[in-house]
Each structure stands twice: as C-alpha cells, then as structure tokens.
Amino acid sequence: MNMPITYEQNSMSQYWVQQPGTVEGQNTSATLYEKRYLYQLIFSRFKFGLPKDWNLNFFRFWLFSWGSIAVMYTREYGWICAPYSVSQINMYWNPKEIVITNSYLTNPKYGVIGVNSGIIKLFDDYGGLDDLVRHYAVKLAQIDRCIDVNLMNANVTKYFEARNKKHAQEIRDLYAQSTQGEPLVVANESVTKGKQIDTLYKDIKTTYIVNDLLQSKRTIINEFLTKIGIANANYDKRERLNTDEVNQNDEETKAMINVIYDNIKEGIAEINAISGLGITVELTERGDSNDTATDDTVRNVSV
C-alpha cells in the first residue's frame with residue numbers, strides 16, 4: 001500500500017520490526033491501533049477555526065502529538081503552520097528565533113517570535129501528549145491480548161478415550177446424534193462402558209475472566225478520559241456517587257485540560273495579534289468536535 005506513515009511508524013517497522021517485547025510490548029500494531037483510538041478522543045475535546053488553506057489533520061497531529069506547532073509568514077505562501085526547529089532562545093530559555101524547512105519552500109525560513117512568527121503549544125515544556133497516549137495504549141493492547149488468549153482457552157472441546165479407530169467413530173456418531181436433538185440415543189454398552197464424554201478442563205467458569213478484563217479496560221479508558229478532560233462514570237463503585245465525589249471527579253477532569261486550553265489560547269492570541277488570521281479554539285463540553293476553517297469574513301475574530 002502507498003499510505004503515508006509517520007516517522008515513528010517507519011522507525012518501528014524498520015528497527016523494531018513491530019515485534020512485541022517480552023516485557024514492555026510497546027512497539028506493536030495493537031498499541032498503534034489503541035493510540036489512534038485514544039487520539040480521536042483527545043481531538044474531540046477541541047474545536048478549531050483555522051485559515052481555509054491549512055489542513056486540520058496536519059495541524060492537530062503536530063500540535064497534540066509533538067506538543068507545539070509554529071505559525072510563520074512567508075513570501076511564497078503567506079502565513080503557514082509547520083513543525084519547526086529553534087535557532088535561538090531568549091533569556092528564559094524559550095524560543096526567540098525559529099526555522100522552518102519544507103520541500104515546497106525554496107530555502108529554510110527563519111522567524112522571530114512575536115514579529116513574523118509564533119508558537120502554539122500544549123504545555124510549558126513544549127511537550128506533547130504522545131507519552132500519555134502511549135502509556136494507556138500499551139495497557140489497553142495488553143488487556144486485548146489477554147482477552148484473546150482467554151477466549152481461546154474457553155474453547156474447550158469434548159474428549160473421550162478410544163481403543164481404536166472403530167471405537168472412536170462409534171463415539172463420534174453417538175455424540176453427533178446427541179447434539180442434533182434426538183430425544184433418545186441408544187448405544188452399545190461397549191462404546192462408553194459407563195464413562196462420560198467429558199472436557200479436558202472441568203470448570204471453565206473458573207478460568208473465564210473476559211468480563212473482568214473488559215471491566216479493567218473500561219477503568220483504564222475512564223482514567224484516560226479523566227486525564228484529557230472528558231466526563232466519565234465511576235463503574236468501580238456500585239452504590240450511588242455522592243455530591244462531593246462527583247465534584248472531585250470534575251476537578252480532576254478539568255485539571256490538565258485547562259492547562260492545555262489556556263496555553264493554546266495564549267499562543268493563538270499572540271499569533272492573531274501579529275497576523276490578523278483570526279484563528280479560534282473552543283473547548284467542547286461533550287467531546288463532540290466540529291472543526292471548521294475560517295473564511296475571509298471572520299479572519300479578524302480573536303480568541
């Protein structure tokens with residue numbers, strides 16, 4: 001297939017060969033699957049209004065995975081968003097001058113923060129959410145693997161000791177008649193000699209833990225939802241939640257997401273001040289994101 005892949009995915013396929021490790025098991029296709037799912041939950045919390053010539057998927061990938069994205073003015077394309085490198089830092093070790101390279105640009109573009117460029121970031125350290133997403137994706141992938149193994153172990157077949165091929169066929173015929181709904185099945189006493197067609201494992205219920213694993217998976221997803229600011233129910237507690245517990249969960253849910261939202265708003269406001277692009281961001285209440293591109297009539301709207 002000619003699907004584009006990320007640098008991370010390419011590194012895994014070339015270096016790690018996507019082989020599960022005996023301890024961590026992080027670089028697996030199952031983990032990548034869970035990461036894609038978890039990132040969609042993060043994207044659902046934010047609604048962006050971007051210039052119509054910017055691609056939303058590109059913007060969100062660099063902002064949330066890698067933690068920040070630059071906005072710079074270029075003569076060829078006007079204001080663009082792109083990943084960047086830092087060429088100079090200021091007194092407080094924040095970027096002062098940045099550089100953007102791209103195959104569509106004739107040469108590297110340098111920008112001075114606050115003059116012809118700016119940075120939108122998630123955290124004060126400019127880090128992204130990939131470590132958080134990977135942390136929970138690995139756990140979910142491991143639980144899925146346990147579920148698959150447990151379901152396979154639950155497929156226990158019947159067995160009966162046979163003296164020879166003729167005896168084995170007689171037992172098969174007996175079992176076939178019994179499972180086809182015949183009200184009465186008669187067999188020669190020499191076929192079973194008082195023995196029962198049995199299973200290798202007597203009590204499958206004691207080893208069937210899929211329901212417990214699914215509950216654990218739900219708990220991990222809820223913990224992730226709390227981290228990224230999506231309200232979720234406490235399924236671990238059987239009785240009704242009291243008001244204090246609900247309020248405590250609300251505070252936990254808002255903790256990190258408010259830091260991210262404030263940093264994004266601050267970066268957008270600084271960029272709008274020098275560019276007039278009118279980039280917007282909203283924090284959705286229910287995690288339903290309807291991202292739109294701004295047109296020329298709303299370019300002067302600020303956050």
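**Helix packing, sheets and a pocket in the predicted model**

In α4, the residues Leu 132, Val 133, Tyr 136, Lys 139, Leu 140, Ile 143, Asp 144, Cys 146, Ile 147, Asn 150 and Leu 151 are in contact with Val 210, Leu 213, Leu 214, Ser 216, Lys 217, Ile 220, Ile 221, Glu 223, Phe 224, Lys 227 and Ile 228 of α7. By class, the residues of this contact between α4 and α7 comprise 15 nonpolar, two polar and five charged. The structure described here is a predicted model. Helix α4 spans residues 130–154 and helix α7 spans residues 210–228; their axes lie 10 Å apart and form an angle of about 170 degrees. Since angles over 145 degrees count as roughly antiparallel, α4 and α7 are therefore roughly antiparallel to each other.

The model also contains an open sheet of three strands, arranged in the order β3-β2-β7 with antiparallel pairing. Its edges are formed by β3 (78–82) and β7 (117–121), each of which pairs on one side only. On average, and with direction ignored, neighbouring strands of this sheet are turned by 20 degrees against each other. Strand β2, which covers residues 68–74, is joined to β3 by five bridges in the antiparallel sense. Thr 74 is found opposite Gly 78 of β3. Helix α3, made up of residues 56–66, lies across β2, β3 and β7 and runs at about 135 degrees to β2.

Strand β3 also takes part in the second largest pocket, giving the most to its lining with four residues. The volume of this pocket is about 420 Å³. Its lining consists of 13 residues, of which Asp 53, Phe 58, Ile 80, Cys 81 and Asn 102 are the closest to the centre. Sorted by class, the lining of the second largest pocket includes ten nonpolar, two polar and one charged residues.

Four bridges link β4 to strand β5 (residues 95–100) in the antiparallel sense. Ser 85 has Val 99 in β5 as its bridge partner.

Terms used: Residues numbered from 1 in each chain as written. Predicted model: local features only at pLDDT ≥ 70, side-chain atom pairs only at ≥ 80, totals over all residues. Heavy atoms only, no water. Axes fitted to C-alpha atoms, helices over the stretch in contact; angles between N-to-C directions. Helix = DSSP H or I, 4+ residues; strand = E, 2+ residues; numbered from the N terminus. Parallel < 35°, antiparallel > 145°, perpendicular 65-115°, else oblique. Contact = heavy atoms within 4.5 Å. Nonpolar A, V, L, I, M, F, W, Y, C, P; charged D, E, K, R; others polar. Pairing = 2+ DSSP bridges. 1 Å grid on protein atoms, 1.4 Å probe; cavity = no way out; pocket = protein on both sides within 12 Å on 5 of 7 lines; lining within 4 Å. Points joined across faces, edges and corners; volume = space filled by probe spheres on them.
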